[in-house]
Amino acid sequence: MTSCIHRRDLLKWSLAAAAAPALCGCVATNAATGRSSFTGFYSVEDDIRIGRQEAPKLVASFGGVYDDPRLQRYVEQIGRRAAAHAEYQQYPYTFTIVNSPTVNAFALPGGPVFVTRGLVSLASSEAELAGVISHELGHVNARHSAERQSQGLLAQIGAAAVGIAAGGELGRLAAQGAAAYITSYSRDQEFEADKLGVRYMSRANYDPDKMASFLDSLRDHSKVEAKMMGLPPGKVDEFNINATHPRTVERVEAAAQLSAGLRPADPVINRQQHLDHINGLIYGDDPKQGI
């Protein structure tokens with residue numbers, strides 16, 4: 001029996017088949033990681049544009065900018081000290097504290113890095129805060145956002161082609177497999193960001209061991225919060241930095257060991273200076289935001 005293909009379906013198949021090799025060809029060596037990086041049609045200029053476009057939305061969703069110019073300057077100083085050693089110096093790096101009590105940090109493509117006041121208060125030294133910021137700089141310079149967007153686009157094209165050629169059920173399975181592959185890739189990205197973060201903070205003369213010690217503090221903080229809320233241990237991790245950055249102390253320590261040659265002879269920790277800067281920092285909900 002002869003099966004007929006509708007002209008519209010044939011066009012979809014043709015477009016998918018033509019686009020896939022074109023996307024596969026958009027591979028370049030990343031300046032930070034030294035590996036071939038598939039970033040599709042996303043350029044460095046696109047990273048900068050997206051970062052500038054999305055930054056105001058992200059700040060608004062996290063309670064706005066925290067109103068403490070002195071503390072903002074402190075975070076900017078740490079960020080610029082680490083960013084001076086990043087590979088992509090064309091990015092317009094910015095460092096902002098957002099007014100949220102949650103313990104979180106995140107970066108947008110092209111340079112914007114954000115930390116919550118909850119995270120700033122949990123860090124016990126300048127070096128720990130530098131470790132968090134340097135990790136975010138690792139994501140930016142590895143261009144992980146561009147990679148994930150491009151992998152997702154390629155997976156959609158591939159799944160669409162399979163679905164057209166072999167039927168809807170197989171297409172759905174292909175899409176699920178692609179989604180699983182992209183999700184699993186995030187562990188590699190986190191480890192890569194740790195390695196780059198250790199590189200940047202070490203070259204900025206910070207103690208790289210403090211990247212792991214912050215995770216120890218975060219784990220203890222999560223256990224206490226979970227107990228206070230009557231939740232199982234670790235349940236609150238769904239709402240803090242662990243939700244978006246699934247990392248373990250062991251993996252961060254492994255990243256530090258791989259960069260052992262970068263360890264400064266007299267590393268900076270600056271515990272007291274950090275405590276002086278966060279003195280008076282609002283803890284918990286901000287009264288200005290209501291009860």
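Here is a walk through the structure, from the whole chain down to a few residues.

First, keep in mind that this is a predicted model. Its mean pLDDT is 78, and 71% of the residues reach 70 or more. Two stretches are where you'd want to look at the confidence values. Over residues 1–25 pLDDT stays under 50, and the model has 19 contacts there beyond four places in sequence. Residues 155–185 also stay under 50, with 27 contacts beyond four places in sequence.

Now for the overall build. The protein has eleven helices and five strands. It runs to 291 residues, and 45% of them count as buried. If you take contacts between residues at least 6 apart in sequence, 73% of those join residues at least 24 apart.

Let's zoom in on N104. You'll find N104 in the loop that links β3 (94–98) to β4 (105–107).

Over to helix α8, which spans residues 209–228 and includes V224. V224 has 48% relative accessibility, which falls between the 20% and 50% cut-offs, so V224 counts as partly exposed. V224 also belongs to a nonpolar surface patch together with M228, M229 and L231. Taken together, those four residues have about 420 Å² of accessible area.

Note on methods
Residues numbered from 1 in each chain as written. Predicted model: local features only at pLDDT ≥ 70, side-chain atom pairs only at ≥ 80, totals over all residues. Heavy atoms only, no water. Patch = residues over 30% accessible without salt bridge, like charges linked within 9 Å, V, L, I, M, F, W, Y side chains within 5 Å. Areas by Shrake-Rupley, 256 points an atom, 1.4 Å probe, with all protein chains shown as cover. Salt bridge = Lys/Arg side-chain N within 4 Å of Asp/Glu carboxyl O. Helix = DSSP H or I, 4+ residues; strand = E, 2+ residues; numbered from the N terminus. Buried < 20%, exposed > 50% of the residue type's maximum accessible area, 1.4 Å probe, protein only. pLDDT = per-residue confidence, 0-100. Contact = heavy atoms within 4.5 Å.
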